[in-house]
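Hi,

Here is the structure I promised to pass on to you. Have a look at it first, and then read my notes below.

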Amino acid sequence: MMEQTTNSGPAGDPPPAAASIEDVLALLEKTVDELTTQTSPETLTGWDAPSIGRLVEAHTRIRRLTGRLDGVRYTLLPRIEDEGSWRSGGMTRTFTSWLRLREGISARTAGKDMTIARRLATALPATRERLVAGTLGVDHARVMTEVAPTSETRTDALAWLIDTRTGHTTTPEQFVQSVPVDFPDPADDPDGARARELVTQVLETAVTEGTLVTGEGIVLREAGVLNADQFRTVARRFATVTDPDTDDIDDDKAARGEFFDLAKTFGGYHVAGFLTDEHGLQLTTAINAMIGAPSAEDTRTTTQRRAQGLADIARVVLDTNQASPGAAIAPHLNVTVSWNEFVTQVTRTRDGLCLSCGQTRPGSTTRPDATSATGAAGTAGTAGTDTASPTAVAGLLTSGGPVFTETGGRAPRALVRRLACHSAVTRIVFGPDGAVLDVGRAQRTVTGQMRRAVIARDQHCVWPGCDQPPSRCEVHHAITHWADGGGTSVTNSALLCWYHHQLVDSKGITMHWTGKPPADNTANTLLETGWAFTDARGHRIRLPEPIEAPPPRDTDPTTEPTLPIEADRPAGRTWRDPTGPIPLPSPPSPPDHLTRQFRLAC
């Protein structure tokens, strides 16, 4: 009689018990102990030390293993947090604090671990699976958690289904309809079981072949060929394409957080501050241009030379009187972007309203296409669709948005729109292999003659209440923005200082010409410049109403108090006739700066 056997051993023997977590960890700890013995300094310097090639391979495998272990940790943390037993005793109010106290790690480390673990569990399932499997590095996974699910719209976009044949989003039903499938006759499949099996098979095949991927999957496809820094650019591009409004919010937050402190202290001045990417790059470029290359005998550190360069910039501005009214010198700021993206970016909308006019987005304007454009004075445009448009995601991820040429950092959308008005544009045509085929001559969007005419008419920034001189102003396409088909002419141009130019372009403010009022020879007053401003809600932006001085109390100007003779006044006291009226001083004139700020000329 033959003995019946199973996969677990002879008949009657119980199947081997699955190893517990504790058993696996004990085995892992033992293995690590053996590994430390094999890699001790004595072993690595001994006669039988492994070759450098073996050590390099070992280091790579160790990094991959530690990344997989990190993935396992990130899988455990949300489960422990959700179970809630860590709250017992009431010693900590948050799970992050509990983790920090239990494991003796810093608050920063605990916070980062929990952010990564939560986002992997809720928004990035494919990233977590690849990290645990060892096919994705831990740095790439951190990039995904830091960049991709940073808003609700971007989190939703990670789950979009994308047909890689077209690069557009789709649904399972739409995809199945685009694939030839021989469905059975309804009479032969009354309950639809066979049809459902076919649909499932089609979808699984498409996922396996890579024809159907999620938004998360299309970003992860680049992780295998890019290092973590390069992969961050792709993930950052996905975030910008799917939700550009969040980028605008981040830019506004950075602008509000900008500050510069210069305080006198013992022996000098203390400098502290924070600048946006745009302003920081402008300052860095100016300082580098000022300090140049160090001479052989220059023993100063780089930071010392930068400090001298900043002081030299201030000296040059003051010595050459560049802060006074006159022709402006454009900042040496370069932004690189494709021409099609330039036009698309400056016609983008926020919340369904055009950033130029505050109304529904106008039709796109057809312009000649060029592969790339750079501006020596800061020009750009960028690719993209309307806010969070889910279409053509795959193509946009590879196109690249507007970037600062020197650093590769993303150029804010408001900056791109502002530069479309006042900059120099250079056309650069690239071939399919990336070689430069043609470089055009830099052309200014506003010529010198046109700028002089606009200065003669506007004289200063035309924003109500602003009197910044032309040297601190740019020429703005006022009535119709350049991206909306507006011509570059004197009638369509107005002077706006750098701050108000950014404000008009980013807040949906419109302008129209109303004509200047009759000349007023009153000194130190701000008159209407001829330009009217309307905010995105249709409200007119005006100068504040003037503050009127209170009227004097009623007095009889013909009656003067009768003053007694000097001898009749009591000594040491100020005396007045009690029968006469109380003399009142003349009301003071309003200060000159109030007159400038609050007088409204009708």
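**Strands and a helix pair**

Strand E3 (residues 161-163) pairs with E4 in the antiparallel sense, over three bridges. Please keep in mind that this is a predicted model. Within that pairing, Leu161 stands opposite Thr170 in E4.

Both strands belong to an open sheet of three strands, ordered E4-E3-E5 and with antiparallel pairing. Strand E4 (168-170) and strand E5 (212-214) are at the edges with a single partner strand each, so one side of each has no neighbour in the sheet. From one strand to the next, the twist averages 45°.

Further along there is a hairpin of E6 and E7. Strand E6 (residues 259-265) runs antiparallel to strand E7 (residues 268-274), and seven bridges join them.

Now for the helices. Helix H3 (residues 52-83) packs with helix H4 (residues 95-103) at an angle of about 115°, and their axes are 11 Å apart. The crossing of H3 and H4 is right-handed. On the H3 side, the contact is made by Leu77, Ile80 and Glu81, while H4 brings in Phe95, Trp98 and Leu99. By class, the residues of this contact of H3 with H4 are five nonpolar, no polar and one charged.

Happy to go through any of this with you.

Best wishes

Definitions and conventions: Residues numbered from 1 in each chain as written. Predicted model: local features only at pLDDT ≥ 70, side-chain atom pairs only at ≥ 80, totals over all residues. Heavy atoms only, no water. Pairing = 2+ DSSP bridges. Helix = DSSP H or I, 4+ residues; strand = E, 2+ residues; numbered from the N terminus. Axes fitted to C-alpha atoms, helices over the stretch in contact; angles between N-to-C directions. Left-handed = near helix turned anticlockwise from the far one by under 90°. Contact = heavy atoms within 4.5 Å. Nonpolar A, V, L, I, M, F, W, Y, C, P; charged D, E, K, R; others polar.
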